[in-house]
Amino acid sequence: MESQHGSNLKNIRKKRATAQQSIVSLSCLVCIAFAAIWGFHAGSGNSRAVEAKKMSASSSVAENERSESNADNSSQAESMVDESSIDESLTDSSVTHDDTDDLSDAVFIGDSRTVGLQNNCDKPKATFLCSVGMHIDTVMTDQNITLSNGNAGTVIDALGERQYGRVYINLGTNELGWPYIDTFKDYYTQLITKIQEIQPDAVIYAESILPVTASRSLQGDAINNTNVATFNQAISEVAQQTGINYLDCTSAVAGADGTLPEEASSDGIHLMSEYCDKWLNYIIDNT
């Protein structure tokens, strides 16, 4: 019986040992499986982390590139603005006038239009020998100029009182009704010849007759732009024949159609202050 009982105990112990080995083996397999699963998930997580870092880095690079692109665009825009400012500055400077020219060496001879220039210009050092109704045929004989001694005298008397560097003549508006252009040219030539005699060192300018407004030109009398053009041609010819300068001032005051703008004059002939400035600035800039 003891022998049988001992045999049974051995069998039980063997079964227990086998069961324990099976449990251990199973535990090992579970551990191996757990380790494999954990390793897979860990690797996947690391991969996602690496990918996230790559995406973050790519995003940062793209953001930097966008920032640099915006900065470049901003610089280009600023450059364009600066260039535009320079261009405007150059344009502005091209329309400025020589304010340093006080015309102290200049004398202006003319009719009521020149009187208007005298009354509206800011050049008090310029000399004006002008009067309302002055004509080319009487300019050398009418005593309508106040001389330095207070007496009345002619334009020729006044010119003899001092020497000038520049002489400007603006006559002809009152003669637009004259039927004989040659007579006008003869009187104009006589005046220039006399001025050349009295002012041998002066530069002499024969100014064009300024245009009148379109409405004034259509009134039906001799004061019209057709006659202005005809007499200006005569003045140009006299200037060429006598060796002086012809100064076409039309562009200084005329509109696109070549006539004096309606807003430039209250009567269609005599200039408002703004247009007197345009006229004078043109003279300064072109002589």
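A: The following account begins with the sheet and then turns to the helices. The model is a predicted one. Its open sheet has 5 strands in the order β2-β1-β5-β6-β7, and their pairing is parallel. On average, and with direction ignored, neighbouring strands are turned by 20 degrees against each other.

Within this sheet, strand β5 (residues 166-170) pairs with strand β6 (residues 203-207) in the parallel sense over 4 bridges. Ile169 stands opposite Ala206 in β6. Helix α4 packs on the sheet, where it touches β1 (106-110), β5 and β6, and its direction makes about 165 degrees with that of β5. Helix α6 also packs on the sheet, touching β6 and β7, with its direction at about 155 degrees to that of β7.

The two helices also pack against each other: α4 (residues 181-198) and α6 (residues 225-242) form an angle of about 40 degrees, and their axes are 10 Å apart. This angle makes α4 oblique to α6. The crossing of α4 and α6 is right-handed. On the α4 side, the contact is made by Ile181, Phe184, Lys185, Tyr188, Thr189, Ile192 and Gln196. The α6 side contributes Thr230, Phe231, Ala234, Ile235, Glu237, Val238, Gln241 and Thr242. By residue class, the contact of α4 with α6 comprises 8 nonpolar, 5 polar and 2 charged residues.

Definitions and conventions:
Residues numbered from 1 in each chain as written. Predicted model: local features only at pLDDT ≥ 70, side-chain atom pairs only at ≥ 80, totals over all residues. Heavy atoms only, no water. Axes fitted to C-alpha atoms, helices over the stretch in contact; angles between N-to-C directions. Parallel < 35°, antiparallel > 145°, perpendicular 65-115°, else oblique. Left-handed = near helix turned anticlockwise from the far one by under 90°. Contact = heavy atoms within 4.5 Å. Nonpolar A, V, L, I, M, F, W, Y, C, P; charged D, E, K, R; others polar. Pairing = 2+ DSSP bridges.
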